[in-house]
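Here's a quick briefing for anyone meeting this structure for the first time. Have a look at the model, then read on.

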Amino acid sequence: MSGEIRFLDTNVLVYLFDNDEPTKQAIAGRILRDDAGIRLSTQVLAEFYVTVTRKLGRPMSPQDGLTAVQHFKTYPVAMITQDLVTRGISRSIDSRISFWDGLIVETALAEKAHLLITEDLQDGWTIGSMRVWNPFKSAECDNPRPC
């Protein structure tokens, strides 16, 4: 994975803090351990904060959520622009996916990601030169190669 740009969807970050999902937590930890080439977006950071402070079975305190977001800001973070919003809408229409997933795809493409890591899209889907990888699909399949 050296030199490869990897765009992380919100669920990867959330699983780092989800003690109710120890297998997924371990997989997310391995992904973040090799932090070279990781990219995030303002959308991912916002969704992360809302999810970990309101939607987990054992939510984090708002202050702990803020601390986590501040840590994640050490990675390159793409700003969501008006152009990305309209491209995300077009992607959602053309690919029949949710707007939020379309926005993630378009932001990852704008960041020139080689790999989009998410559990929300079809594992192995190729979009241009970027491939979607769902590392949570199977505990035995925790590498970015098709299983």
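Leaving out residues up to four places away in sequence, T53 touches P59, M60, S61, P62 and G65, where contact means heavy atoms within 4.5 Å. T53 is found in helix α3; helices (H or I, at least four residues) and strands (E, at least two) are DSSP runs, numbered from the N terminus. This is a predicted model, so local features need pLDDT of at least 70 and side-chain atom pairs count only at pLDDT 80 or more, while totals for chains, interfaces and linings use all residues. Residues are numbered from 1 along each chain as its sequence is written, and side-chain values use heavy atoms, with hydrogens and water left out.

- T53 is buried, with a relative accessible area of 14%; buried means under 20% relative accessible area, exposed over 50%, and partly exposed in between (1.4 Å probe, protein chains only).
- The C-alpha atoms of T53 and D64 are separated by 8.5 Å, and these two residues are 11 residues apart along the chain.
- Helix α3 has 14 residues and reaches 19 Å from its first C-alpha to its last, close to the 20 Å expected at 1.5 Å a residue. The expected span of a helix is 1.5 Å times one less than its number of residues.
- Besides T53, the buried residues of α3 include Q43, V44, L45, F48, T51 and V52.
- Those buried residues of α3 pack against β1 (6-8), α1 (10-15), β2 (38-41), α4, β3 (77-78) and α6 (99-110).

**α3 against α4**

- Two packed helices are described by the angle between their axes and the distance between the axes.
- For α3 (residues 42-55) and α4 (residues 62-72), that angle is about 150 degrees and the axes are 9 Å apart. Axes are lines fitted to C-alpha atoms, for helices over the stretch in contact, and angles run from 0 to 180 degrees between N-to-C directions.
- α3 and α4 are therefore roughly antiparallel to each other. Angles under 35 degrees count as roughly parallel, over 145 as roughly antiparallel, 65 to 115 as roughly perpendicular and the rest as oblique.
- The α3 side of this contact is L45, F48, Y49, V52 and T53, and these meet P62, G65, L66, A68, V69 and F72 in α4.
- Sorted by class, the residues of the contact of α3 with α4 are 9 nonpolar, 2 polar and no charged. Ala, Val, Leu, Ile, Met, Phe, Trp, Tyr, Cys and Pro count as nonpolar, Asp, Glu, Lys and Arg as charged, and the others, Gly among them, as polar.
- V69 is found in helix α4 and is buried, with a relative accessible area of 14%.
- Apart from its neighbours within four places in sequence, V69 is in contact with L45, F48 and Y49.

**Helix α6 and its partners**

- α3 also packs with α6, at an angle of about 135 degrees and with the axes 10 Å apart. α3 and α6 are therefore oblique to each other.
- In that contact, Q43, V44 and E47 of α3 meet W100, L103 and I104 of α6. By class there are 4 nonpolar, 1 polar and 1 charged residues.
- α5 (82-95) is found in the contact list of α6 too: α5 and α6 pack at about 120 degrees, with their axes 7 Å apart.
- α5 and α6 are therefore oblique to each other.
- The residues of the contact of α5 with α6 divide into 8 nonpolar, 4 polar and 3 charged.

**Helix α2**

- The 12 residues of α2 (residues 22-33) should span 16 Å at 1.5 Å a residue, and the end C-alpha atoms are 16 Å apart, which agrees.
- I27, A28, G29, I31 and L32 are the buried residues of α2, and what covers them includes β1, α1, β2, β4 and β6 (130-133).

**Two loop residues with positive phi**

- Most residues other than glycine have a negative phi.
- R96 has a phi near 55 degrees, a positive value in a residue other than glycine. R96 sits in the loop between α5 and α6 and is exposed, with a relative accessible area of 79%.
- K112 is not a glycine either, yet has a positive phi of about 60 degrees. The place of K112 is the loop between α6 and β4 (115-117), and at 61% relative accessibility K112 counts as exposed.
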